[in-house]
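This report concerns one protein model and its pockets and helix packing. Please consult the structure shown below.

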Amino acid sequence: MHDDRRAFLDGLLATPAPAGYEARGQRVWLDYVSEFADEVHTDAYGNAVAVHEGGDTEFAVAGHGDQIGLVVTDVDDEFVRVQAIGGADKTVTKGQHVQIHTEDGRSDTSELQSQ
């Protein structure tokens, strides 16, 4: 993979974009594809759109733009309790490392114990 493409992919994957909060991830994608598109924008439904005009071939690329996300519901001396944002399946998140984002920034990776 070319270095610029790898940098784009790494940046996109490192940008938090859970369901309902996709704008930062969309901006990373729009900034990258704007080099290849005649027009880029987001619409009222939150879709990020890049349009390339001209040529004999028309095509569309579509994808789902949010990440699995959790919201902290309680913190005590032993646990950080969370609830899924969107459709995160407990079997997918159980035992996974997570990053906690606060007003002060991102925490170190922690292990999530799903209940």
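## Second largest pocket

By class, the lining of the second largest pocket comprises 16 nonpolar, 8 polar and 1 charged residues; Ala, Val, Leu, Ile, Met, Phe, Trp, Tyr, Cys and Pro count as nonpolar, Asp, Glu, Lys and Arg as charged, and the others, Gly among them, as polar. The model is predicted: local features need pLDDT of at least 70 and side-chain atom pairs count only at pLDDT 80 or more, while totals for chains, interfaces and linings use all residues. Residues are numbered from 1 along each chain as its sequence is written, and side-chain values use heavy atoms, without hydrogens and water.

The volume of the second largest pocket is about 830 Å³. A pocket is an open set of points on a 1 Å grid over the protein atoms alone, where a 1.4 Å probe fits, with protein on both sides within 12 Å along at least five of seven lines; lining residues have an atom within 4 Å of a point. A volume is the space filled by probe spheres set on the points. Strand E3 (69-75) gives the most to this lining, with 4 residues; strands are DSSP runs of E with at least two residues, and helices are runs of H or I with at least four.

## Largest pocket

The largest pocket has a volume of about 1100 Å³. Among the 33 residues lining it, Trp 29, Ala 48, Val 61, Ala 62 and Gly 63 are the closest to its centre. Helix H2 supplies the largest share of the lining, 5 residues.
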